[in-house]
Each structure stands twice: as C-alpha cells, then as structure tokens.
Amino acid sequence: APIDARSGPLELSASLPSRGHLGWFDIAPGGTRVLYQAHHGGNDYRVADLWAVTLGKDVKRRKLAQIEASLRPEISPDGSGAVYLDRHGSLFSITLDSASSPVALERGDVSGEFQVSPAGRVLFFKKLRRGGTGDELGMFSVPIDGSSPALELEVFQAPEPGGTQSTSAGS
C-alpha cells in the first residue's frame with residue numbers, strides 16, 4: 001500500500017544502531033518506496049546505513065550500504081535508484097533493486113544542489129572551481145549509473161555575495 005492520505009501509521013525503519021538516529025529520507029513518486037539513512041553513534045554524523053523500504057502487501061526493508069553520512073538522498077523518478085551527496089561534497093548513486101555498492105559520480109566540491117532528470121537516467125549538478133582569476137561555477141551532467149564521466153554543460157562566474165552570475169558559454 002502506498003503512503004498517502006488514506007494509509008495508517010507504518011513503522012518503516014529497521015532497528016537503529018546503538019545511539020543511532022534517523023537522518024535524511026526521500027519518498028519515491030507513487031509513495032511505494034522510502035529511502036532513509038540511519039546514523040551511527042549519537043551526534044557523530046560520519047557513518048550511516050542507507051536503507052530502502054518497499055511498501056506493498058508487506059513492508060520490506062533492505063540495507064543497501066554503510067556509507068559516510070549523506071545529505072539529501074533522492075530517489076530517481078522511476079524508483080529504481082537513488083543519488084546522494086556525502087559530507088565531503090561527492091555525489092554517489094546506488095540501485096535500490098539489486099545488491100550493488102555505491103557508484104562515485106563526481107568527487108568533491110559539488111554544491112548542495114543536484115537534480116535527477118525526469119527519466120531518471122541523468123543527474124545534473126553544479127560544482128565550484130577555484131581559479132587564479134576568480135571562482136567559477138560549472139554545470140554538469142552525468143549518467144546516474146556512472147557509465148561515463150561528467151560532462152560540463154555551462155560555466156558561470158561565481159557570484160560575489162549579493163552579486164549576479166554571468167555565463168561563459170562556448171568557452
């Protein structure tokens with residue numbers, strides 16, 4: 001049964017680690033799947049378990065991986081995978097239906113903003129590049145399965161506080 005206004009309360013999480021607590025979560029389109037992280041060790045946000053819960057006749061919980069604590073896990077529109085940002089600014093994807101390890105899509109300095117394409121196959125993100133002439137903000141795309149490296153789509157001059165962005169497309 002999907003999570004909607006008609007559903008009653010459901011216990012979704014598995015037993016938490018000692019001194020653990022729930023962190024970020026996401027609900028798949030259609031409300032039949034939930035992705036959440038369970039932090040280890042009280043206020044130490046370094047390690048977490050990433051869990052997928054499938055709702056149907058029975059609630060099925062599956063531990064996907066033990067990861068560095070993540071920010072904003074997001075389930076793909078088709079519900080088959082997820083993307084998350086680790087605390088170092090690296091992007092990872094993981095499938096929800098099979099045993100797999102997280103796949104690194106981009107290492108470090110990714111801004112906190114990313115977007116999964118409507119078809120669920122491509123991830124768009126921004127990444128800060130520090131340079132001698134000033135900081136730049138690049139917009140990139142990468143296949144969610146990590147089958148090829150990220151492609152830079154556009155470069156913007158990083159704004160000063162209170163400033164505006166300018167593009168350097170075609171450079």
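**Ground rules.** I number residues from 1 along each chain as its sequence is written. Because the model is predicted, I take local features only at pLDDT of at least 70 and side-chain atom pairs only at pLDDT 80 or more, while totals for chains, interfaces and linings use all residues, and side-chain values rest on heavy atoms, with hydrogens and water left out.

**Entry 1, strand β2.** I looked up β2 (residues 33–39), a strand being a DSSP run of E with at least two residues, numbered from the N terminus. Seven of its seven residues are buried, that is, under 20% relative accessible area with a 1.4 Å probe, protein chains only. Arg-33, Leu-35, Gln-37 and His-39 point one way, Val-34, Tyr-36 and Ala-38 the other. In a regular strand the side chains alternate between the two faces of the sheet.

**Entry 2, partners of β2.** I found that β1 (residues 21–27) pairs with β2 in the antiparallel sense over five bridges, where pairing asks for at least two DSSP bridges between two strands. The two strands form a hairpin with five residues between them, and Gly-30 in the turn has a positive phi of about 95°. On to β3: seven bridges join β2 to this strand, again antiparallel, and Gln-37 has Leu-50 as its bridge partner there.

**Entry 3, aromatic pairs.** I counted three aromatic pairs, taking rings of Phe, Tyr and Trp (its six-membered ring) with centres within 6.5 Å, and calling planes under 30 degrees apart stacked, over 60 edge-to-face and the rest tilted. Tyr-36 and Trp-51 are stacked because their ring centres lie 6.3 Å apart with the planes at 5°. This pair links β2 with β3 (residues 47–55) across 15 residues of sequence, and both Tyr-36 and Trp-51 are buried. Phe-125 and Phe-140 are also stacked, at 5.3 Å centre to centre and 10° between the planes; Phe-125 belongs to β10 (residues 122–129) and Phe-140 to β11 (residues 136–143).

I then turned to nonpolar cores, meaning buried Ala, Val, Leu, Ile, Met, Phe, Trp, Tyr and Cys residues joined through side-chain atoms within 4.5 Å. The largest has 13 residues, and Leu-35, Leu-50, Leu-64, Ile-94 and Leu-96 have the most contacts inside it. Strand β4 (59–68) is one of those supplying at least two residues, and its three are the largest share. A second, separate core of twelve residues includes Val-83, Val-110, Val-116 and Val-142.

Note on methods. Helices (H or I, at least four residues) and strands (E, at least two) are DSSP runs, numbered from the N terminus. Buried means under 20% relative accessible area, exposed over 50%, partly exposed in between (1.4 Å probe, protein chains only).
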